[in-house]
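I opened the model and went through a handful of spots. My notes follow.

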Amino acid sequence: MNNLNKEIWHCLLPLIFTCSILSGCGSSSESTPDPDPIAQVDTTPDAFVFPAVVAAEPATTVSSSVVTVTGLTASAAISITGGEYAISGGALTSTAGEISNGQTVNIQLTSSELFATTSSATLTIGGVSATFQVTTKAAPASNVQVDINFDTKHVVGGIDTFDRKKFITIHADVTENDWNGGDVHSRNAPNADADVMTNFLEGYDVYLGRNTGAIGWQLSRLKEDASRPGFVDEAQATTFGNDAKWSYSNSSTQKSKNIRAHEHRATDMIIGAQQHPYWPEGTLTGQGWAFSQTDSADEPLGTATGHYMGQFLAKYFDQNPNDARFGQIKPKFVEVMNEPLYDLTTVRSGSDLVPPADIFKFHNTVANEIRKTNSDVLIGGYTVAFPDFDKDNFSRWEQRDKQFIDIAGDNMDFYSIHLYDFPAHQNREKYRKGSNLEATFDLMEQYTQMTLGEVKPFIVSEYGAAIHSMFNQGWSPHRNTLQLRAINSMLMAFLERPNLILKTIPFNVVKAEWGRTTVPYGPRLMVQKFEREGAGAGDEWVYSDLVMFYQLWSDVKGTRIDTHSSDPDVLVDSYVDDNTSYVILNSLEFDDVEIDLNTFGLASNNVTAVEIKHLKTTDAADVASVLETTTLNELPQSVVLGSEATMIIKTTWSDVIAQTECNNEAKYYGDKVTVEIEKNTPITSTINDVVLGEQGEAILRIGLARDHGKSLSPVVTINGTTVTVPNDFRGYDQKNGRNLSGRDNFYGVIEIPVPYSLLSENNEISVNFTDDGGRMASTTLMVFTTTKALPRSN
């Protein structure tokens, strides 16, 4: 013990002794106890924390987690700096107030406008403070990052292969006269390629898609049943049908030989009827009679139409596909009527206007009649021309597409739809590609899941670009450019739904001499030489620029593999076939884009050859699109993708590329559609029965219809946790086009990455806007369950 400690000890001894004496006095059981202590008022809460948020989008409203205040016996003062707070779900405020024990509180602030920058708000309750920090994401790489996981198969609803029969098609049939040259159907002009049918279909691996004319031509030859007015004569249909089958199988003309040589390109054809004379309102057939207009319990309206369509399918085609073949291969799909509402409803008024409900009931009747004699075809409709669901605050959806699903949806095998970009319509650029197309599909998918318990598959029997400003003009390279842009971008979206799409057909026709008026028809595969090169060049039929679509995609096949793009405006897909890979890049941007290619899962596999096809487009009216082909010895680390262009990188490797991992994609749907948006009023929905694995990724998709200028960045929570909403989406902002203004309002999908760990079997989604107006049309969840953690460069 040192001297200082000794001195302290000697000083304390007398005090200790005195205390011990006092403690032993007056301690008997008879002494009076002290009174109860006075209850203490505690306005100091237990400590609380707000977990920090990282990688937030710049200039975005971010909410903290919710904490419950404990440890108080009386109300305590509450105040905040740097943000706003809300007590028990009430209104946000920055004004000091009071809070009680057991109430909840959360903070909201706006993230910095800068990348990699932290903003904070400090909440103080009864002298105890906690700070909520939000750090914005790192500045993006100067280039778009595209990741390709070659060892990871991407499976969507059980499908993992590229189906050319489904996606690489032309709006034509094997029997069309337009394939031939030098006859009246080709304006007596020869084809520059004498065997264009073979070289196009087989050379570019193209499949045939749709015929809406043959059924009408055969009807024009048939008489009315004398004993059943308004119905086709079955006996004559049998005779004519047998004649057609015999001629198909036995004719020795070169045309017939060509047809039979390529019939394997037409094994899943679509046929459909037009409005006239099939809609029962007295329009005469070629033989001077009209379909029955009776509408009774025994003969609902459309019975006679369905009866004829059933007779045509049952008697004009080979009924036994496994026999020695007698007749043309039977179509697989039937569209009840092509774009019926435009002609029967939209452009009519008064007593001539046909209510959509009548047309949808007609679909049921026709389908039921066809099935009486054809159990082997799939029937669908209503082949909508303009699926503008958000028009007039969704009255178009309510009165047409929703009503069709309600009336006829359960009786249809598929839904048929047409999708077109309008690059020049009413002095506006109204593009379907991008977020609008996604919103269109998502609403139909979700509503059918909600009402029918399943998502019906789709047929897109026409898609491309309708250029209204050029309707009365002849062929031009710019016209083809606008069509090529639309076709490639929309195809990329269709490829994301291989399990829900039965067939897609770009509206590219062969020559369309049937559609010639004062000028030739629009989207033709073939034009005459003088159209391309000017007067005096000759009248031979040559390819238009639309052939570039087929040349670009001519080789693609194989198993789909995992890909990821850091920019929603750069679409990517990829396939592997043995030791060959195909990476497809498509841009929705109006400017060129630099892309870094990040490859994974190749081990020691080496490149032996690279071929890059780049379909570059230009907005110059007199300049054609160009399909550039480049060969390299190495896969480039980065590429420049042209504005609204498509690039396919074909790489040959030294060894087979094995897929030892898997990305299994599934899609789930919410329980509400077309909900009105009210300021600071959360829209809650549930997405249940989600199947999860050990790891993966997820994307929440919210369909929004809002006036331009309204927020597209709501506060979104999943199972109580706030997620970051990106400020970008697919395609243009729908307000400003490339050269003209855009759509009247925004209708599209915003896609929100969601941590896989936030999901559970049953999930609650909350979406809250800070401004009024518009509707939340759909809520869907894409879940990617993976066998390994997939590398993502951004």
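Predicted model: local features only at pLDDT ≥ 70, side-chain atom pairs only at ≥ 80, totals over all residues.

Residues are numbered from 1 along each chain as its sequence is written, and side-chain values use heavy atoms, with hydrogens and water left out.

I started with Thr674, which I found in the loop between β31 (661–669) and β32 (675–676). Thr674 is not a glycine, yet its phi is positive, about 45°. Is Thr674 buried or exposed? I put Thr674 down as buried because its relative accessibility is 9%; buried means under 20% relative accessible area, exposed over 50%, and partly exposed in between (1.4 Å probe, protein chains only).

Asp392 also has a positive phi, near 55°, and is a residue other than glycine. I placed Asp392 in helix α10 (residues 391–408). Asp392 counts as exposed because its relative accessibility is 56%.

Next I looked up cis peptide bonds. One joins His276 and Pro277, with omega about 5°; Pro277 sits in the loop between β14 (270–272) and α7. Another runs from Gly381 to Tyr382, with omega near -5°. I found Tyr382 within strand β16 (residues 378–384).

**Gln328**

I then moved to the loop between α7 (303–315) and β15 (333–335), where Gln328 lies. A relative accessible area of 16% is why I list Gln328 as buried. What does the side chain of Gln328 make a polar contact with? I found the side chain of Asp173, at 3.4 Å. (A polar contact is a pair of N or O atoms within 3.5 Å; within protein, one must be able to donate a hydrogen and the other to accept it, and residues adjacent in sequence count only if both atoms are side-chain atoms.) Leaving aside neighbours within four places in sequence, I see Gln328 in contact (heavy atoms within 4.5 Å) with Asp173, Val174, Thr175, Tyr248, Phe317 and Asp318.

**Asn188**

Asn188 is in the loop between β11 (169–170) and α3 (196–201). I count Asn188 as exposed because its relative accessible area is 56%. Beyond neighbours within four places in sequence, Asn188 is in contact with Gly182 and Asp183. I also checked Asp539: its C-alpha is 9.2 Å from that of Asn188, although the two are 351 residues apart along the chain.

**Strand β27**

I checked which strands pair with β27; pairing takes at least two bridges found by DSSP. β27 (residues 607–616) runs antiparallel to β30 (residues 646–653), with eight bridges between them. I noted Thr652 in β30 as the bridge partner of Ala609. β28 (residues 626–632) is joined to β27 by seven bridges, again antiparallel, and I see Thr631 of β28 opposite Glu611.

**Val347**

Last, I looked at Val347, in the loop between α8 (340–346) and α9 (356–373). I list Val347 as partly exposed because its relative accessibility is 48%.

Definitions and conventions: Helix = DSSP H or I, 4+ residues; strand = E, 2+ residues; numbered from the N terminus.
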